[in-house]
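Visitor: I'm new to this one. Can you walk me through it?
Guide: Here it is; ask away.

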Amino acid sequence: MQPPAAGTLRILHLSDTHLTGDGALHQGAVDTTAALEQLLAHVDEVPGIGLVVVSGDVSEDGSPESYATVRDRVGGWAERHGAAFVAVPGNHDLREGFRQVLANGHVLGQGATALVHTMEYLPPTVPVSGQSVVAGRRIVTVDTSVPGAGYGELSDTALEHLRTALAEGAADAPHGTVVVLHHPPLPAPTELHEALRLQNPEALADVIRGSDVRVVLAGHYHHHFAGSLAGVPVLVAPGVANDTDVVGPYDEESAVVDSGALVVDVSADGSVWSTPVRVPRGDADPRAFRLDPETVRAVIAAAGKH
């Protein structure tokens, strides 16, 4: 891959690692730690990575052990490449375990400065909220998770965190802001993900419209998507755990055993472009899972917005 141009922040964007503390298989089919290691090995020679992002569903079980795995595997990869590392919670994550290991969503590692970093105890009702600077860009993590639910929502607290970050002076971040969250503010490809989508994308649009946000990085859909919100590019990373089959029936949900990532370049002038990276695992059963319409409705009833 071509090295990034001078002044460009190159981001390795991962999502939906779904790591487990006890090594249990995701959906009974995927060793997610092995999938993560294979993906990291595949991108090992990508030049110029300055930041590694995991945009939610870091863990499947919310255990501190699972977060330690992502810190050691992904954080270790970032350290070896001279890059910083940040993660944000998704609907499968538990805020308490996340905070124990991943510093409330602040960027960790080389070349990063945490702007508001507190180690005091925060209850699970309080969203994770990190703010750091990497290579002249403000990196703001925004927690869209809703404890006990699968859908996403931006609480007043999360919106105020973002609004406050964007209102600060640009002295430390002259090249703008990168927002990292889990639930994309974009339409979903399947009935299940549509029920579990971000419920108030218009609230996010109101905050970022006319701001210095250069790109919004998201996950959740387990498939690469690109769109925009309020004139800002939105990039959804493929899943590490599996890849959603987006061409199947709308009222079913299925995925194949593939992993992927995005390589995102944010230039000094604010231009953004991304390169999807796919890592097929040909030695495995190609079908990770399939949910029939009745099962999809049951999942929506349990985890969707009521």
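Visitor: Which residues are buried in helix 3?
Guide: Arg95, Gly97, Phe98, Arg99, Val101 and Leu102 are the buried ones. That is 6 of the 8 residues in helix 3 (residues 95-102), which is mostly covered. Buried means under 20% relative accessible area, exposed over 50%, and partly exposed in between, with a 1.4 Å probe and protein chains only. Helices (H or I, at least four residues) and strands (E, at least two) are DSSP runs numbered from the N terminus.

Visitor: Where do these coordinates and numbers come from?
Guide: This is a predicted model: local features need pLDDT of at least 70, side-chain atom pairs count only at pLDDT 80 or more, and totals for chains, interfaces and linings use all residues. Residues are numbered from 1 along each chain as its sequence is written, and side-chain values use heavy atoms, with hydrogens and water left out.

Visitor: Back to helix 3. What do its buried residues pack against?
Guide: Helix 2 (64-80) and strand 3 (84-88). Contact here means heavy atoms within 4.5 Å.

Visitor: And what comes just after helix 3?
Guide: Ala103, with a positive phi of about 60°. Ala103 lies in the loop between helix 3 and strand 4 (108-109) and is buried, at a relative accessible area of 12%.

Visitor: OK, helix 2. How far apart are its end C-alpha atoms?
Guide: They are 23 Å apart, which agrees with the 24 Å that its 17 residues should span at 1.5 Å a residue. The expected span is 1.5 Å times one less than the number of residues.

Visitor: What covers the buried residues of helix 2?
Guide: The cover includes strand 1 (9-14), helix 1 (32-42), strand 2 (49-55), strand 3 and helix 3. Among the buried residues of helix 2 are Tyr67, Val70, Val74 and Trp77. Just after helix 2, Gly82 takes a positive phi of about 70°.

Visitor: Which residues are buried in helix 4?
Guide: Ala158, Leu159, His161, Leu162, Ala165 and Leu166. They lie on the same side of helix 4, because they cover an arc of only 155° around the axis. The arc is that of the directions from the helix axis to the C-beta atoms.

Visitor: What is on the face turned away from them?
Guide: That face of helix 4 carries the exposed residues Asp156 and Ala167. Over the buried residues, the cover includes strand 6 (131-134), strand 7 (137-141), strand 8 (177-180), helix 6 (201-208) and strand 9 (213-218).

Visitor: New topic. How much space lies in the largest pocket?
Guide: About 340 Å³. Of its 20 lining residues, Gln27, His92, Leu192, His193 and Phe289 are the closest to the centre. Helix 5 (191-195), strand 16 (287-291) and helix 7 (293-303) each give two or more residues to the lining.

Visitor: How is a pocket defined here, and what is a cavity?
Guide: On a 1 Å grid over the protein atoms alone, a cavity is a set of points where a 1.4 Å probe fits but cannot get out, while a pocket is an open set with protein on both sides within 12 Å along at least five of seven lines; lining residues have an atom within 4 Å of a point. Grid points are joined across faces, edges and corners, and a volume is the space filled by probe spheres set on the points.

Visitor: How many cavities of 30 Å³ or more are there?
Guide: The structure holds 1. The largest cavity has a volume of about 50 Å³, and its lining includes Pro189, Thr190, Glu253 and Ser254.

Visitor: Last one: is Thr244 buried or exposed?
Guide: Thr244 is buried, with a relative accessible area of 4%. Thr244 belongs to strand 12 (residues 243-244). Beyond its neighbours within four places in sequence, its contacts include Thr190, His193, Glu253 and Ser254. Phe289 is 45 residues away from Thr244 in sequence and 9.6 Å away in space, C-alpha to C-alpha.
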